[in-house]
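Welcome! Here are a few notes to read alongside the structure as you find your way around.

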Amino acid sequence: MIRRSLATAAAVAGLAVAVAGCGSSSGSGAYTPPTGPPVKTITVHASSYKFQPDGITAPAGILAFTLESSDIQHSFRIKNVNGFMIEAGAGKTATGKVKLSAGKYTFYCDIPGHESAGMKGTLTVK
Ligand SMILES: [Cu+2]
């Protein structure tokens, strides 16, 4: 009897974790970066209001990005890659990893007004 109720409690706990995990992956919650070594490390320089380079070609797989801001706070996000974001404070450098398959992506800075001012670029993964 005790064994049985313990098993039930464990099953309920497992279910709760699964539901919580589902919620965070579909929302704007924590992003889980890929584990393992990157196939390429790419440094992107951010300033108001542009990225350098604004055209990047990379192999498919895990990519490590280094975002360097030379002035104010900027971010680095990739359209349709939910949750991935690197944020570099004023004059700071930040890093992040993302796993991408072949395709053409648009990267941008999501701070209001920055993308429309020119902070975007193309990432070609092959
Ligand atoms: Cu920006």
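1. Let's start in a loop: Y49 sits between β1 and β2, where strands are DSSP runs of E with at least two residues, numbered from the N terminus. The peptide bond that joins S48 to Y49 is cis, with omega about 0 degrees.

2. A word on the model before going on. This is a predicted model, in which local features need pLDDT of at least 70 and side-chain atom pairs count only at pLDDT 80 or more, while totals for chains, interfaces and linings use all residues. Residues are numbered from 1 along each chain as its sequence is written.

3. Now look at the strands flanking that loop. β1 (residues 40-47) pairs with β2 in the antiparallel sense, over 3 bridges; strands pair if DSSP finds at least two bridges between them. S47 has K50 in β2 as its bridge partner.

4. Step back to the sheet. It is open and holds 4 strands, in the order β2-β1-β4-β7, with mixed pairing. At the edges are β2 (50-52) and β7 (93-100), each pairing on one side only.

5. P53 belongs to the loop between β2 and β3 (55-58).

6. Finally, N80 lies in the loop between β5 (74-78) and β6 (85-88). Its phi is positive, about 70 degrees, although N80 is not a glycine. Is N80 buried or exposed? N80 counts as exposed because it has 8 C-beta neighbours inside 10 Å; the cut-off for exposed is 12 or fewer other C-beta atoms within 10 Å of a residue's own, with C-beta atoms placed from the backbone, whereas buried takes 20 or more and partly exposed falls in between.
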